[in-house]
Amino acid sequence: MWHCIAAFIINFRIFLLILLLGITVFMGFQATKVRLSYDSTGAIPTDNPKYQEYQEFKKQFGQDGTMMVVGVQTAHFFEPAFFNAYNQLVLQLQKSYAIDNVFSIPTAINLVKDTVNNRLKAEKISAAVAANGNTDSLSTIFLNLPFYKGLLYNAETKAYLMALYINKDKLATKERKRIIKDVVNLCESFGKSQSIEMHYSGLPYIRTQVGNKIEAEMKFFLMLSLILTAIILLLFFRSASAVFASMIVVAVGVVWSVGTMTLLNYQITLLTALIPPLIVVIGIPNCVYFLNKYHSEYSKHGNKIKSLLRMVDRMGIVTLFTNLTAAIGFGVFFFTKSKILKEFGLIAGVNIMSLFIISLVFLPALFSYLPAPKSRHTHYLESRWLHKLLATITNWVFLQRKWIYIISGLVALISLIGVAKLKTVGYVVDDLPKKDKIYTDLKFFEKHFHGVMPLEIVIDTKRKNGAVSLPMMQKIDQLGISLASYKELGHPLSFVDGVKFARQAYYDGDSSSYGVPNMMDGAFIQPYLRAKPNESVNTGGDMFAKLLTTFMDSTKQKTRISINMEDIGSVKLPILLDSIRPITYELFDTSKYKVTFTGSSIIFLEGGKFIIHSLRDSLILAFIMIFGCMIALFYSWRILLISFTVNIIPLLATAGIMGWMGIPIKPSTVLVFSVALGITIDVTIRFLVSYKHELDRYNDDVPKTVRHTIYDTGLSIIYTSLILIVGFGVFALSNFEGTKSLGLLTSFTLLLAMLTNLTLQPAMLLWLNKAGRDNASSTKWLEDTDDEEDQSNLNP
């Protein structure tokens, strides 16, 4: 079959090259339309209860992740020069078409009782400054309002916060990059003029800045991986045409992969951004396998067309299965319930198989038109240092097998101890380095305001108007007081805080009156909270009406308590919630109330936890599918045992190193195992296919076959492993700790896999030879094709 495929490619090469060009142009056009994703809910399946609770929350109360915060720390905030400049900054930000509201000290209001009209008037605190330029009175008034304490300022540390509520529809478009950039530019200009450092955070800011870094890194790693692999190929083949052809193969693969994202209506995420560089890294070994066979065949008989036919005939099945196992390693993610894993698995799996087709068609077609290889192009086949290295490996396999077993056993034992030390933890920004401004600014807000990550508690009273009863308000206030005692949580905010603010205004601004109305004064305060027809928007009644809309549903049956919290991670968050629930349920009996804990923070961390579990399950599935391919390929349980042992030790060692070095299990690091398994098994297949092919040639003499196989495959295995190690190693330059770990750990796994495949694998073949050789029928598909058949299938 493979001989016929080889002949077909040579005979119809012009048509096939034009077809490849046409598909690539189409995919290139599609690739120009790919977009970045800023959605944090894609990791969690839509049938997950927490996801459904969050969607219900957004339906009733709106998006919770639209707030960006800007912070400063200064003892001169209320000095005229600084405050006026700060006020101008707020005015400029309010003019932005994308910002719905700016919550800050200059825009803060004070409620004043109007006894004539029985209402509360809302007056801007900064109006007094505009009138007389005196900020002393503003400071006195503002600091006497407990409503804003912990929300807009920290009196002890002199830190001040401005909250920008960005339009949720604008955040869902590519305009968000420009919106965030414009906000930062305005604030940085203010900071520079006042010689003060500006701090930024909030989910819109974090997601946008992380998205920008992903986009930049995707381009950087793509170019770097192309350059490094080109250099390695040039050193290997000493042929510009070989390098050029290989670069075209992977470039076409990259274009197809990005184009596929658009065709499937997928966007670039932190995971799918890795695919183009991965395509480069995985595509190059295809080229090495094919070209190495082409050169070795040509060096035997000097017939170019015959060498190309032999290249496809001999390496087609090998490359098919190596690409198939790599595609399985990635493709199993498609069978998870996580949206982003499904997308990553499908795009990676499909395009790895596309790489096989591209290299299978393009390389023989192109080289059939190029001049035959010169002696310098095949000189690497006689590399002295490599032959010395292979001779050393062969001596170890034949003379030091016990040491190979002992070292392998020790590595496995030490690794198992390390595995026992593994921990699972994830943070919203844990992939960022500790010195990155996104991270340091987040810590600024955690230090002064206990964080900016949204946590929502929704209370369903199960009856209409149940949320606005006096007992209900007292319970909410009591819960808020309890929550405020947690150092991980910021100031809880609910409609009750507005009621307490109104009560303070009713008692002429006395801060000691800031509290929930009692049975005595509730009836007197209630008329002041009603917005009257044709009433000015600058009234307390209107303010309270808006507060009700924001923190209640239309029937006043459900209400929410909004809390900003620290990024405490996936381990501490469940513990924190478990400590909050008993307090909450004690106040709100579950037989009468339904209490839901939700928010972007919970969804994000729940998604991370789900990804880890999904990757674990997909790794098991990958093992089953890949080794199923091994059985189909070799029909031997002994070969399966060798394959399993040779590939499990590198993965076990990597997990052990993670445990010993304290590298936690999280989505980016657990990805290593499925990726590495799909790639390392390629080397195993390459070695075993050659071994089975040579077994008949040496009359089933296993020692001779093993010795020849080491020399025959060692060269390409070492070079392809080197390319893969360097290709994944470039990820160590990433700004994301997870991506950096992915690169280093995968490179380490591939290095160990190369060693086990060249030492432990042949040693086990020699050992298992005592149990009897495999059935000869398993090699029928690898029978030699005679030279006359090579020529007879070609058109004259």
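Reply: A patch is made of residues with over 30% relative accessible area and no salt bridge, and nonpolar side chains are joined within 5 Å. Please keep in mind that this is a predicted model.

Me: Which residues make the nonpolar surface patch here?

Reply: The patch, of about 1,100 Å², is made by Trp396, Trp403, Ile406, Ile407, Leu410, Val411, Leu413, Ile414, Ile417, Trp660 and Met661. Two helices, α15 (401-419) and α23 (637-661), each supply at least two of its residues, and α15 gives the most, with eight.

Me: Is Val411, then, buried, exposed or partly exposed, and how should I decide which?

Reply: Buried means under 20% relative accessible area and exposed means over 50%, with partly exposed in between. Val411, whose place is in helix α15, has a relative accessible area of 30% and is therefore partly exposed.

Me: Turning to helices, where do the buried residues of α8 fall when one looks down its axis?

Reply: Helix α8 (residues 175-194) has 20 residues and reaches 29 Å from its first C-alpha to its last, which is close to the 28 Å expected at 1.5 Å a residue. The buried residues in α8 are Arg176, Ile179, Ile180, Val183, Val184, Cys187, Phe190 and Gly191. Seen down the axis, the buried residues of α8 fall within an arc of 125 degrees, so they line one face of the helix. The face of α8 turned away from that buried side carries the exposed residues Lys181, Lys192 and Ser193, and just after the helix Ser195 takes a positive phi of about 55 degrees.

Me: Why can strand β6 be called largely enclosed by the rest of the structure?

Reply: The same cut-off for burial is applied, under 20% relative accessible area. Strand β6 (residues 159-166) is largely enclosed because seven of its eight residues are buried.

Me: Which strands pair with β6, among them β1, and in what sense?

Reply: Strand β1 (residues 67-73) pairs with β6 in the antiparallel sense over seven bridges, and Val70 stands opposite Met162 in β6. Strand β2 (residues 99-103) also runs antiparallel to β6, joined by four bridges, with Ala163 in β6 as the bridge partner of Phe103. Strand β5 (residues 153-154) is joined to β6 by two bridges, again antiparallel, and here Asn154 stands opposite Ala159.

Me: What phi does Lys158 take in the hairpin of β5 and β6?

Reply: The hairpin has four residues between the strands, and Lys158 takes a positive phi near 60 degrees.

Technical notes:
Residues are numbered from 1 along each chain as its sequence is written. This is a predicted model: local features need pLDDT of at least 70, side-chain atom pairs count only at pLDDT 80 or more; totals for chains, interfaces and linings use all residues. Side-chain values use heavy atoms; hydrogens and water are left out. The expected span of a helix is 1.5 Å times one less than its number of residues. Buried means under 20% relative accessible area, exposed over 50%, partly exposed in between (1.4 Å probe, protein chains only). The arc is that of the directions from the helix axis to the C-beta atoms. Patches are made of residues with over 30% relative accessible area and no salt bridge: like charges are joined within 9 Å, nonpolar side chains (Val, Leu, Ile, Met, Phe, Trp, Tyr) within 5 Å. Accessible areas come from the Shrake-Rupley method with a 1.4 Å probe; for residues, only the protein chains shown count as cover. A salt bridge is a side-chain nitrogen of Lys or Arg within 4 Å of a carboxyl oxygen of Asp or Glu. Two strands pair if DSSP finds at least two bridges between them.
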